[in-house]
Amino acid sequence: MSNPYKISNFVRIRDQRIFHGEKKLFSCEEATHLKRFLKESYKFLNISYPKFHKMDALCKLGILAAEVLFKNMEIPTDTALVFSNSASSLETDKKHKILMEATVSPAVFVYTLPNIVLGEISIKHKLQSENAFFISDKFNAGLLADYSEILLDTSKADAVVCGWIEWKNAEYDVFLCLISKEGEVSFSEENLEELYRFENE
Amino acid sequence: MSDLRTRLKQSIIEQLNLEEFEVEDIANDEALFGDGLGLDSIDALELIVLLEKEYGIKLTEPQQGKEIFISIDKMAEYIEAHRTK
Amino acid sequence: MEKGIAITGMGIISSIGNNVEENYNALCFGQHGISFPEILKTRHTNLPVGEIKISNEELVKKLGLPKNHAFTRAALLGSIAGKEAIFQAGITEAELKETGFISGNSVGGIDKTEEYFQEFAKNAEIRRFIKAQHPGFTTGQISNYLKIHGFVTTISTACSSSANAIMLGARMIKAGKLKRVIVGGTDCLTKFTLNGFNSLMILSSENCKPFDECRSGLNLGEGAAYLVLEADEYIAGKQVLGRITGYGNANDAFHQTASSETGEGAFLAMKKALKSSGISSNKINYINAHGTATRNNDLSESRAIQRVFDEIIPEFSSVKAFTGHTLAAAGAIEAVYSLLSLKNNQIFPNLNFSSEMKETGLQPVLGLTSKNMDYVLSNSFGFGGNCTSLIFRRDEK
């Protein structure tokens, strides 16, 4: 199974650290609380986007990851977004559920869908491209590789950002790859799997 | 009078997660939507919730909000005239 | 090599019927399924919904499930619709082993979490429902019940979920990755969504009026529908209900929940679908519109339709006044209706309409209308700006 596409770039966010490719870009060991880590990362990446503060953590993670991935590059307008996770929007669902007992918050309810993160990234980076969000038990490299390849093969997209974006309890795990014709690493199920498993240190 | 305005600003900053704003940054006559604070339609819905929760004012149409959420001054005037708590 | 995609089976359950035939009859006779909630235990008893008046216990009985099952309502509804689709397509148990299943779902088993949340701690017997909240678990339950053991996945892109499931299935067949796949979606009414949509102030207190000047919001609904898609070389003389010839998905990139004024995402999705179908816009005989009856969607969608079709706008209608907005299931439910339109050369009416929107002057189809049709376009748009258009074609033979 070979194709002309490459994993041009990737971003990894977990355990208070952000990796851009294999390079550690930012770490904030003292930010043991997700909220604090998200805020410190926002400051570090020098993002000026007040809407960020209104988002739930899943969307914040997505905005941070996209910022790293798209840094210093011109994003092809037809860059499809193919994301997946296991917990869907569980944490925000729980919050909405609790608020429902007293007063529902519309600003919380709008984040009770996992694909809102695709919308937030699309709004921020002006992407009107194809989006998909899959719910899988665990990271499924085969599914992401198949779907991304079909999109690129049929010219439905010039590039694809595919990967995993999970937020459950206090844990978070983000792995997004930019797939295009540029780069060194071949785009294959095996390589996706390996990069996802990659642990620095 | 001005207490209501200050409290309103505090609740808005808190409720709408306006992290980059302090009470002093919001002028009483400044536009809340559009160029001013840059609020959007979901914020407007949150303000409707806020009016009900804190002042016992129930709006049934999102349209009504548009005429009230113009500025802190306008909101305060409306609250003073209609509050039930 | 690109493969042709045939639809050889379909199944459905909604507030207007428990199978394809009942749904068809209700559509023909203009019998809507909007009522006040009875099965869903909510304090919002004044909000009309498209509720299926069958309790979970009765659904369990219909499916013959064991006593200790962990099926939530969405899984029950999905199993009923999936069973009908498989039966019609005549797929054998051996074939099911390598058949794919792609299901769109947004609420998962939240209904059971709502019911049992307080009890989980003290009642061990019901703890089997804890894991059932997960949308992926819902899909797993349905695929196990139907004995499908191929590629199984869940798509969650809000109200376009099942339309996207259909699109993904079609693509996987076309690319030769699957021979046969069952695609669609399921969602049930929950307090979670009813309260949430209510907080967005987009629920109508009366029966919804799609595309009407005086529309005042949507009615939530529930249901499930699935299609059986097969690659041409495997259908061996089966009856073909129709074909999927085009699909397009685009992001509106405007707002978390609202659509842009010009309907940019909807416009792009319809354009892409036409392009992938290889037809010009004048080939479309009927548009099964998303038409939720919110102020925002109907205007935005109308503008997008005007932009795509220019002067000659085909007949269009929204069936949401029959079923309510069934969220993740809507795309698949309306795919079944689109195929019924093609099969019977009939356009189903847009109920409760009385006056055109002043911004567009567009009038949907108001009564059951006969028309020879080759192509139907169906729209499904979701929160997060996710817009999908599908094009179905009559089978030529």
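This is a predicted model: local features need pLDDT of at least 70, side-chain atom pairs count only at pLDDT 80 or more; totals for chains, interfaces and linings use all residues.
## Chain A at a glance

Let's start with the overall build of chain A. Its secondary structure comes to seven helices and eight strands. The globule rule gives 17 Å for 201 residues, and the radius of gyration of chain A is 16 Å, so chain A is as compact as a globular protein of that length. If you draw a box along the principal axes, the C-alpha atoms of chain A fill roughly 55 × 35 × 30 Å.

As for the inside, 51% of the 201 residues in chain A are buried. Take the contacts in chain A with a separation of 6 or more: 66% of them are between residues 24 or more positions apart.

Strand 1 of chain A covers residues 6-14, and strand 2 of chain A covers residues 17-20. These two pair in the antiparallel sense, with four bridges. To find your way along the pair, look for A:Val11, which sits opposite A:His20 in strand 2 of chain A. Together the two strands make a hairpin with two residues between them. In that turn, A:Asp15 has a positive phi of about 45°.

Next comes strand 3 of chain A, residues 23-27, which runs antiparallel to strand 2 of chain A and is joined to it by four bridges. Here A:Phe19 has A:Lys24 in strand 3 of chain A as its bridge partner. Strands 2 and 3 of chain A also form a hairpin with two residues between them, and A:Gly21 in the turn has a positive phi of about 60°.

## Helix 1 of chain A: one side in, one side out

Which residues of helix 1 of chain A are buried? Helix 1 of chain A spans residues 34-44, and the buried ones are A:Phe37, A:Leu38 and A:Ser41. These three are on the same side of helix 1 of chain A because they cover an arc of only 100° around the axis. The other side of helix 1 of chain A has A:Lys35 and A:Lys43, both exposed.

What covers the buried residues of helix 1 of chain A? The cover includes strand 2 and strand 3 of chain A, along with helix 2 (57-69) of chain A. Just past the end of helix 1 of chain A, you'll find A:Asn46 with a positive phi of about 60°.

Chain C has twelve helices and 14 strands. A compact globule with 397 residues would have a radius of gyration near 21 Å, and the 20 Å of chain C agrees with that. The C-alpha trace of chain C spans about 65 × 50 × 40 Å along its principal axes. Of its 397 residues, 62% count as buried. Among the contacts in chain C with a separation of 6 or more, 79% come from residues 24 or more positions apart.

Across the boundary, 59 residues of domain 1 of chain C are in contact with 52 residues of domain 2 of chain C. On the domain 1 side, the elements that give two or more residues include helix 1 (20-29), helix 7 (161-174) and strand 5 (180-187) of chain C. That side divides into 28 nonpolar, 25 polar and six charged residues.

## Where chain A meets its partners

Between chain A and chain C, 34 residues of chain A are in contact with 35 residues of chain C. On the chain A side, the elements that give two or more residues are helix 3 (90-100), helix 4 (106-109), helix 5 (116-125), strand 5 (131-135) and helix 6 (141-153) of chain A. By class, this side of chain A has 17 nonpolar, eleven polar and six charged residues. Strand 5 of chain A also runs antiparallel to strand 4 (residues 152-155) of chain C, joined by two bridges. At this pairing, A:Phe134 stands opposite C:Ile155 in strand 4 of chain C.

Chain A touches chain B too: eight residues of chain A are in contact with ten residues of chain B. The chain A side here has four nonpolar, three polar and one charged residues.

Conventions:
Residues are numbered from 1 along each chain as its sequence is written. Chains are lettered from A and ligands numbered from 1 in the order in which they are written. Two residues are in contact if their C-beta atoms, placed from the backbone, lie within 7 Å. Ala, Val, Leu, Ile, Met, Phe, Trp, Tyr, Cys and Pro count as nonpolar, Asp, Glu, Lys and Arg as charged, and the others, Gly among them, as polar. Two strands pair if DSSP finds at least two bridges between them. The radius of gyration is taken over C-alpha atoms; the globule rule is 2.2 Å times the number of residues to the power 0.38. A residue is buried if 20 or more other C-beta atoms lie within 10 Å of its own, exposed if 12 or fewer, and partly exposed in between; C-beta atoms are placed from the backbone. The arc is that of the directions from the helix axis to the C-beta atoms.
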